[in-house]
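Have your viewer ready with selection by residue number, and follow along stop by stop. Each stop gives you something to select and then tells you what is there.

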Amino acid sequence: MKKHLLFLGAPGAGKGTQAELLSVKNSYLHLSTGELLRKEIEMKTKLGIQVKDILNRGELVSDEIVLEIVRKNLVQDNKGWILDGYPRNLSQANSLNEVLTEINQPLEVVFYLDIPEEVLIKRLLLRGRKDDNEETIRTRLNIYKKTTEPLIEYFKDLSLLEYIDADRDLKTISSDIKQKMA
Ligand code: ADP
């Protein structure tokens, strides 16, 4: 069973939901950079104050900041991990590769959650998180297309990519994922 996993996909594709389900089931660490950043904001830490406006605008936090978060959390002793929302660009993918080489825990599979754009927008508007208004959604989708989507090819070339049709009900998707991580 694979234990070093990554979820890739647009905002609203369901990465967080699937990653959470899978991590609870297997006692893996669920490492969501978005979730961790939101926690910092909530706790009004120095970092949280620094990134608050960036998240509310739907823009990306600096590579240095997210790398620090990932590094800090990944070195913890754990049975396995699921990365969700990281990497989001090529530079982050290269940094991740360096960290994983250092800690000798190579990535085993990347689940790419694919979903039509109009479904995404509907889902995000329904979710209603603070950064889920129409303008911010547009920003996030544009950034996703420009900087994150190229990672699909990147991981495909490394033979790590597993395609998941994410426009199905939650249970069907999770059993598909389960099958593909065996
Ligand atoms: P979603 O994928 O639905 O946009 P996330 O919780 O993954 O939600 O991310 C929320 C926000 O956190 C992003 O819009 C961005 O501002 C910030 N963020 C999360 N992960 C990263 C990352 N790897 N690099 C830069 N910023 C990030």
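Start at the second largest pocket, with a volume of about 210 Å³. A pocket here is an open set of points on a 1 Å grid over the protein atoms alone, where a 1.4 Å probe fits, with protein on both sides within 12 Å along at least five of seven lines; lining residues have an atom within 4 Å of a point. Its volume is the space filled by probe spheres set on the points, which are joined across faces, edges and corners.

A word on the ground rules: this is a predicted model, where local features need pLDDT of at least 70 and side-chain atom pairs count only at pLDDT 80 or more, while totals for chains, interfaces and linings use all residues. Residues are numbered from 1 along each chain as its sequence is written, and side-chain values use heavy atoms, with hydrogens and water left out.

Select R38, I41, E42, K52, L55, N56, R129, K130 and D131 to show the lining of this second largest pocket. Both α2 and α3 (46-57) supply at least two residues of that lining; helices (H or I, at least four residues) and strands (E, at least two) are DSSP runs numbered from the N terminus. By class, the lining has two nonpolar, one polar and six charged residues, with Ala, Val, Leu, Ile, Met, Phe, Trp, Tyr, Cys and Pro counted as nonpolar, Asp, Glu, Lys and Arg as charged, and the others, Gly among them, as polar.

Next, go to the largest pocket, which holds about 890 Å³ of space. Select P11, K15, R88, R127 and R129: of the 45 lining residues, these are the closest to its centre. Which helix gives the largest share of the lining? Colour α2 to see it, as five residues come from there. Among the other elements that each supply at least two lining residues are β1 (4-9), α1 (15-26) and α9 (170-180). By class, this lining has 19 nonpolar, 14 polar and twelve charged residues.

Now for some helix pairs. Select 117-127 and 134-148: these are α6 and α7, which pack at an angle of about 135 degrees with their axes 11 Å apart. Axes are lines fitted to C-alpha atoms, for helices over the stretch in contact, and angles run from 0 to 180 degrees between N-to-C directions. The two helices are therefore oblique to each other; angles under 35 degrees count as roughly parallel, over 145 as roughly antiparallel, 65 to 115 as roughly perpendicular and the rest as oblique. Show side chains for E117, L120, I121, L124, L125 and R127 in α6, which meet E134, I137, R140, L141 and K145 in α7; contact means heavy atoms within 4.5 Å. Six nonpolar, no polar and five charged residues make up this contact.

For another arrangement, select α4 (63-74) and α5 (90-102), which pack at about 25 degrees with their axes 11 Å apart. That makes α4 roughly parallel to α5. Residues to display in α4 include V66, L67 and V70, part of the set that meets α5.

Finish with two backbone details. Zoom in on Y86 and P87, joined by a cis peptide bond with omega about 0 degrees. P87 sits in the loop between β3 (81-84) and α5. Then select S27, in the loop between α1 and β2: phi of S27 is near 50 degrees, a positive value in a residue other than glycine.
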